[in-house]
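Here is a short report for a first look. Keep the sequence and the 3D view side by side as you read.

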Amino acid sequence: MPFQRDEQVSKPLQKTIKHGDTILEARGITKRYPGLIANDHIDFDIKAGEIHAILGENGAGKTTLMKILFGLVQPDEGEIFVYGEKVKFKSPLDAIQLGIGMVHQNRKLIPAHSVIENIILGHPKAGKILDIKGSTLAITELCDRYGFKIDLKAKVWQLSEGEKQIVEILKALYRGAKILILDEPTSALAPPETKKLLASIKIMTGENLGLVPFITHKLPIVLTVSNRVTVLRRGKVTARLATSQATESSLAREMVGRDVIFMLDRMESTKGKPILEVEHLSANNDKGLLACNNISFSVHEGEILGIAGVSGNGQQTLAEVLAGIRKSLAGKVTLDGADLITSSSLDRWKKGMGYIPSERVTVGSIGDYSIIDNVMMNYFFDDEFSKWGILDSRKIRKLAEEIIAEYAVAVPGPDTLVKSLSGGNLQKVILARVLSRKPHLIIANLPTQGLDVGAAEFVQKKLLEARKDRAGILLISEDLDEVLSLSDRVAPMYEGEFMDIIPIEQVKREEIGLMMAGMKHKVAES
Amino acid sequence: MKLGSYEVKLEKNLKVTSLGAAMISILAILIALGIVSIIFIEAGINPFSGYKEIFKFAFTTSYGFPLTVNSSIFILLCTFAFIVPMQAGLWNIGMAGQLYAGALGAFAVAYAFGAKASQDVILSPGIVIPLMVLGAILSGAMVGAIPGFLKGRFNTNEIVVTMMINSIAFWVVAFMIKEGGPFMGGGGEGEGYKIPKSIYAPQISGIPFTILIAAVLAVLLYFLFTKTKIGYQIKTFGFSPTAAKYAGISPFVIPLLVFIIGGMIAGFAGYHYFAAVPRVGKITMNYGDYGDLSFYGIICGLISQENPLAAIPIAFLFGGLINGGRNVQGKLNIGFGIDYALLGVLMITLVFFQFFYRYKIVWKKIGKEN
């Protein structure tokens, strides 16, 4: 009944909250889906002024728990208490009214609207006639209080990922959130942006807000900011401890249930002849803006060239131009000495290029296709797999079965539709499909983004194996740790330019971080 | 969605079998017949005798059955012309224009051989008939290529383009057959010239050879989309143009190709109806009705889930109902178009039942204790 809900809202808000009070508590949360238990009797609580991180691999039940706490999903069993009162969320609206805010990973903002318009969108105070002035004043005050720097009049499409994140947080705060659920808050941010965000987060906890970040990887961040950590594995809580007692490797072990080797075995590899040579390449992005500006580099046999950069600095455009699915404005590209600029993407596949796209679901695969048909995407043009235009379905099925076995893809069989696959398994299929062609040049665009620790490690190992087999690899990644642990040379990219190309032995982490943020090599040295 | 204390959700039914789809279609047909019974009763006719007349005429009489088959072939060809672009995710609404062009192409070939002079002109069927078919196919392909090219090159909306071409083609036909147009028939009644008897299409008891081509096409298309490289590329493009682009499938060639194939088939449908069906043999005065009829190809294609083999029984049923309905209308003195009423209701029930077969509604009681 509506009036009961109103009572629930008014009570806690009148209460004064002291630092350290438990503001949200969940007991015995259980949620079953056909065939699996996503959450198995999970206990969880958050105190005012505390950051309580939740760690877990993909599929560990983090998303389900997050959705339950925000009222998007109703648990089968268990109770939730907010400010000591038992509550039942029918929808996120109930959670929002109790002061719970959620910051989504896939940002749900309207790109064509300004920051302020996005923040007041759907806000009860906005009313029928927008009071932009009044809202601007209130939001500016919020920004000052928490140290956010953002142009409220800017359109959202102009913002960086970090700024969009701030808009989401402001939106929740403006709605009066006292408990913020953050979904992978730093996954798309550059080191300096991450730092700023963490500083703001610290201020928030000073105001007795409770913060619950859900994190897959980036363990160092968990260690630096959080007060407590809860680790989930297969729907169960495997560890809960004060962050001061945790180490990176102990948390990783709890997450995956075994020891994770953080040091990848990157064997020495002698650099061979150049495979890909790029000279003065320029290209526009979808908006018609210059996204790649006069880039020159080469990738050699048995080498990984890692492009480090925050998303939106032209990496995507560069990868697409090299793959032949986007036109360049100027410049020269050769593969094994042959000019590529006029070749179609199909020609490039035939000539030994392999492209692993960052958009696994929309570009790299077709959800309504079986694994067989998805494997076919990189094989239909191969003369070995067709005769007189008729596809050799037996051969392709055999290949799909081999891929499933070799890459340990967790599926019932090759006829499974890929839309039922988890992110990690889907990436395995795409990776296997591309690598099994034994390409001379591999363009790997964000190959481990969004994957859990185990799957990411698998992908990285496979890339290193391809390097051992003398392939040249162009690795594009937003995860600096990944770039540094895999690459032979590192190219930090900022606003469509390579700031430098540095052999891995000479790389200084901080320097790369600065270059990713736009500082030239020389400036950093002086 | 919430209804009171219930939550109503739409879920995709995962276990969809072809047998189940066939059963649900039959159920939909029975329900449609049930609904149209009300109209019969309103008109003071016993629905059972009404239906008996319809089905008897359409499927058992020696006069009605060939009519049914010929209409069915026409609808089936239009269905194929719709299915091929649909497999690439593109909507061909231009079967009408393409089949007009096909008809003009066929009659232009005959015209070139001097067929207009008289019905008694002696022409070699072995030469002229294949050339007429070729003329129809090429004209249809040319008209089909326009939306395909514009789609591939400029990403125009193929629905708008094909519909505009329908209108253009309609008036081109009018220009050709009416009021002194080059293909005008001798009677001056606003219809095309009659083709000479010597190039009547070969037939078996009132059904022209085009039925064989339609049957072969059904199998070929099925094969194309399940086994071949080009079919795979078309389907991939249909599922996701971005993924197709990634895989190296040309976003220019595929739209052009599917519209050319679609146009060819629709062009052949034009040949079939106006040049091959017995007792027609000319571009009729009411050629626009056949343009309208071609739209049943869309319904048939959608109901058969773009499966060319499954389209056959549906096209057959549609063909039967049109001719049976038209006949019963005259025989029982019904003052309205029972054929279109039947087809319209049938369309709705078929789509409705397909939907509820593929999806299920889940009711869940929520928040009882509050």
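## B:Leu77

B:Leu77 counts as buried because it has 30 C-beta neighbours inside 10 Å. Buried means 20 or more other C-beta atoms within 10 Å of a residue's own, with C-beta atoms placed from the backbone; 12 or fewer is exposed, and in between is partly exposed. The model is predicted: local features need pLDDT of at least 70, side-chain atom pairs count only at pLDDT 80 or more, and totals for chains, interfaces and linings use all residues. Residues are numbered from 1 along each chain as its sequence is written, while chains are lettered from A and ligands numbered from 1 in the order in which they are written.

B:Leu77 sits in helix 3 of chain B, residues 64-87. Helices (H or I, at least four residues) and strands (E, at least two) are DSSP runs, numbered from the N terminus. Leaving out residues up to four places away in sequence, B:Leu77 touches B:Ala214, B:Ile265, B:Ala266, B:Phe268, B:Ala269 and B:His272. Contact means C-beta atoms, placed from the backbone, within 7 Å.

## Helix 2 of chain A

Among the buried residues are A:Lys62, A:Leu65 and A:Ile68. A:Gly71 follows the helix, with a positive phi near 80 degrees.

## Where the chains meet

Chain A brings 26 residues to the contact, and chain B brings 18. On the chain B side, helix 8 (229-239) and helix 9 (241-246) each supply at least two residues. Helix 8 of chain B gives the most, with 6 residues.

Methods: Contact = placed C-beta atoms within 7 Å.
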